[in-house]
Amino acid sequence: MQKKIYETTLGGRVLKVEIGEVAKQAAGAAMIIYGDSTVLSVVTASSEPSDQDFFPLMVLYQAKLYAAGKIPGGFLKREGRPTEHETLTSRLIDRPIRPMFPEGFKNEVQIINTVLSSDPEASTEVASLIGSSLVLGISNVPFNGPVAGVQIGRINGEFVINPTPEQLSVSELDLFVAGTKHAINMVEAGAKQVTEEVMLQAIMVGHEEIKKLVEFQETIQKDFNTPKMAYENFAIDPELKKEVHAFVADRLIKAVSIFDKLERYHAIDALSNETLEKFQTKSFFNVIDGVKVFDQKAQDNYLSQVKRIVDGIVTAEVRRLITVDKVRPDGRQVDEIRPLTSRVDVLQRTHGSALFTRGQTQALGVVTLGSLRENQIIDGLGLEDSKRFMLHYNFPPFSVGETGRYGNPGRREVGHGALGERALLQVLPNEEEFPYTIRVVSEILESNGSSSQATICAGTMALMAAGVPIKAPVAGIAMGLIKEGDNYTILSDIQGMEDHEGDMDFKVAGTQTGITALQMDIKIDGITEEIMKEALEQARISRLHILSHMLETIPTVRTEMSTYAPKVMLIKINPDKIRDVIGSGGKIITQIIEDNNNVKIDIEQDGRVFLMHHETKWIKRAAEKIQDLVKEAKVGEIYEGKVTRIEKFGCFVELWPGTEGLVHISRLAKERVEKVESVVSLGDQILVKCIGIDEKGRIDLSRKDALVSKP
């Protein structure tokens with residue numbers, strides 16, 4: 001195949017696609033070159049359907065550190081398990097692509113995006129999403145795309161397409177939006193309390209760019225026009241559907257209306273198992289060479305259809321209740337929030353803690369404060385090499401009444417933690433205002449929908465209880481959507497069943513002023529501007545209701561920190577004086593630490609000194625010692641010093657430990673002085689004025705000028 005090259009522009013940079021030179025044995029492959037960034041996107045698919053009851057799609061984004069001219073850290077010096085950023089980007093690509101595969105297609109599909117060259121000013125994440133969609137379009141894999149995505153910033157009221165890291169640092173918005181030519185189907189955003197109107201405008205600006213990128217992909221696809229593979233569509237037998245409905249439909253419909261989550265699920269599971277047992281009696285045989293052979297695959301397909309019919313009855317009833325009766329499975333109105341309870345200071349020895357409960361969803365937020373040296377080191381392609389705020393989300397199986405694996409966090413836990421972290425990051429003080437590393441851990445103790453948003457509420461209250469001076473409290477709410485044709489119903493505070501059976505999961509976090517984080521995933525092709533506008537407004541009202549409850553629990557940030565939290569002081573010194581504080585072989589700083597009850601001291605290259613201890617008195621003593629060591633004389637200032645040495649030409653005066661200057665004999669007194677000893681003696685405390693400092697740092701002092709200046 002001859003190499004083909006296509007070009008367009010995106011955000012003021014050239015976007016180039018090369019097809020036909022590399023990875024030619026894959027079902028589809030392309031090099032996406034954006035600025036100086038290069039991503040290899042490939043797709044492969046199995047020829048046989050999977051026997052699993054879900055679509056086995058795997059999307060990977062992997063960043064090779066050589067792409068940024070870096071060698072991996074650690075002992076092995078090679079890339080290991082996916083980083084948090086790689087995991088989040090893989091999810092970012094997966095979410096808009098997954099809904100675009102035809103229903104019934106169950107062949108295993110793998111999409112791999114490998115970053116080969118990284119230009120910080122040209123997003124490899126955007127390039128990878130475009131590449132993933134493009135290789136699906138030119139391959140034989142069935143796909144109802146194309147899709148595309150862009151990043152949007154907002155600086156001084158103007159929207160910016162695919163902003164650079166420098167632009168993002170001053171942007172009030174960091175939005176990633178994806179969709180098709182007709183609608184939006186994925187949104188991920190962090191924002192500095194922007195209004196719903198601004199967020200909606202940004203999303204629609206992004207959609208206009210998406211339309212252009214989709215048209216670019218369609219042009220390329222026409223050149224290939226690859227026939228799509230035939231696949232086995234596991235259609236449901238209409239006669240079997242009638243039999244299953246007659247056997248169990250009425251009882252399932254009643255089970256759906258049980259208010260308690262566990263009771264409802266147990267009832268549905270029991271009826272599902274009863275139905276499978278009932279229809280399992282049918283056996284399937286084939287005659288091969290005159291021998292009757294049991295056909296396991298045929299029976300598995302038959303029982304799979306039974307299970308799908310049962311699930312379909314549940315789905316249809318949930319959707320009917322909401323769209324027709326306007327009643328939810330637990331009896332709430334469509335905009336009603338479940339009962340709220342919360343409290344702070346749940347744990348005695350932690351630095352801050354809070355328990356937040358919304359219906360059957362419960363999150364325990366715990367705050368730990370540490371020195372800036374305890375920040376997280378990031379080994380990745382970006383310019384950022386560390387971060388001082390972390391939010392970790394844990395979802396144990398007992399939270400949903402189940403057994404299951406315990407171990408490293410999965411993609412879902414990483415994603416939910418990142419969403420909570422993004423929401424709270426927008427209101428945190430900078431390290432000058434609050435020189436701590438901050439870790440928030442959310443332990444999900446009970447879950448029935450919207451645990452990531454409960455994490456934000458619990459995390460906010462725990463931060464306030466810990467005395468972290470946040471700019472404003474943040475609350476989160478999860479919205480849902482049931483859409484049948486042109487009719488739709490938007491739900492506030494969705495529970496697990498509504499999330500599973502619904503068409504949209506729309507999470508919005510923010511303050512009373514505006515949005516700090518937003519995430520949207522949908523199962524249908526996309527949603528319109530009208531639906532999104534309505535969902536944002538309904539979410540705003542719900543968010544304010546939750547914030548009101550949280551402020552009843554803890555009205556303001558505490559002015560005092562926990563007894564068990566370390567106290568921190570920041571002082572600034574001349575960077576040239578750092579060596580004076582450290583001393584030869586670290587002797588001076590070690591002595592300061594030992595003399596002050598093992599106070600913790602971190603010195604940055606820019607002259608910032610962070611002192612940390614549980615007792616403030618030791619911090620103050622150590623700070624005074626450091627300030628004495630780095631104190632510098634200023635011309636024109638008057639000091640009281642001690643005479644430490646006498647010479648014929650004058651005397652030396654110690655202003656403070658480690659700093660002394662010379663008073664020439666001609667400047668000892670107003671009158672002429674014949675002999676230094678006639679005016680001063682060793683050990684005398686005298687007033688002197690600094691009258692000069694030469695290029696070598698030697699200080700000239702004058703007692704005469706100090707006496708003249710004295711009132």
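Q: What makes F398, Y406 and L445 a nonpolar surface patch?
A: In this predicted model, the three residues F398, Y406 and L445 make a nonpolar patch of about 330 Å². A patch is built from residues with over 30% relative accessible area and no salt bridge, where nonpolar side chains (Val, Leu, Ile, Met, Phe, Trp, Tyr) are joined within 5 Å and like charges within 9 Å. Accessible areas come from the Shrake-Rupley method with a 1.4 Å probe, and for residues only the protein chains shown count as cover.

Q: Why is Y406 called exposed?
A: Exposed means over 50% relative accessible area, buried under 20%, and partly exposed in between (1.4 Å probe, protein chains only). Y406 has 60% relative accessibility and therefore counts as exposed. Y406 is placed in the loop between β18 (389–394) and α8 (411–425); helices (H or I, at least four residues) and strands (E, at least two) are DSSP runs, numbered from the N terminus.

Q: Which conventions apply to the numbering and the model?
A: Residues are numbered from 1 along each chain as its sequence is written, and side-chain values use heavy atoms, with hydrogens and water left out. As the model is predicted, local features need pLDDT of at least 70 and side-chain atom pairs count only at pLDDT 80 or more, while totals for chains, interfaces and linings use all residues.

Q: What makes the 128 residues a nonpolar core?
A: The term denotes a set of buried Ala, Val, Leu, Ile, Met, Phe, Trp, Tyr and Cys residues joined through side-chain atoms within 4.5 Å. The largest such set has 128 residues, and those with the most contacts inside it are I97, L175, M199, I438, F506 and M532. Helix α4 (residues 196–224) supplies the largest share of this core, twelve residues. Apart from it lies another core, of 25 residues, including V256, I268, L271 and I482.

Q: Which residues are in contact with L175, leaving aside its neighbours within four places in sequence?
A: Contact means heavy atoms within 4.5 Å. With those neighbours left aside, L175 is in contact with V150, Q151, I152, V187, E188, A189, M199, A202 and I203.

Q: Why is α2 described as largely enclosed?
A: Of the 15 residues of α2, 15 are buried, so the helix is largely enclosed by the rest of the structure. Its span from first C-alpha to last is 21 Å, close to the 21 Å expected at 1.5 Å a residue; the expected span is 1.5 Å times one less than the number of residues.

Q: Where is P146, and what kind of peptide bond joins it to G145?
A: P146 lies in the loop between α2 (124–138) and β7 (148–155). The bond joining G145 and P146 is cis, with omega about 5°.

Q: Is N156 buried or exposed, and what is its phi?
A: N156 has a relative accessible area of 77% and is therefore exposed. Its phi is positive, about 50°, although N156 is not a glycine. N156 is found in the loop between β7 and β8 (158–161).

Q: Is N162 buried or exposed?
A: With a relative accessible area of 2%, N162 is buried. N162 is found in the loop between β8 and α3 (165–168), and has a positive phi of about 45° although it is not a glycine.

Q: What makes E498 and R332 a salt bridge?
A: A salt bridge is a side-chain nitrogen of Lys or Arg within 4 Å of a carboxyl oxygen of Asp or Glu. The closest N and O atoms of E498 and R332 are 3.9 Å apart, and the pair forms a salt bridge. It links distant parts of the chain, 166 residues apart: E498 is in helix α10, R332 in the loop between α7 (296–323) and β13 (340–344). E498 is buried at 2% relative accessible area, and R332 counts as buried at 4%.

Q: Why is the pair of R608 and E431 said to tie together parts of the sequence?
A: The closest N and O atoms of R608 and E431 are 2.3 Å apart, in a salt bridge. R608 lies in strand β26 (residues 608–613) and E431 in the loop between α8 and β19 (437–446), so the pair ties together parts that are 177 residues apart in sequence. R608 counts as buried at 13%, whereas E431 is partly exposed at 25%.
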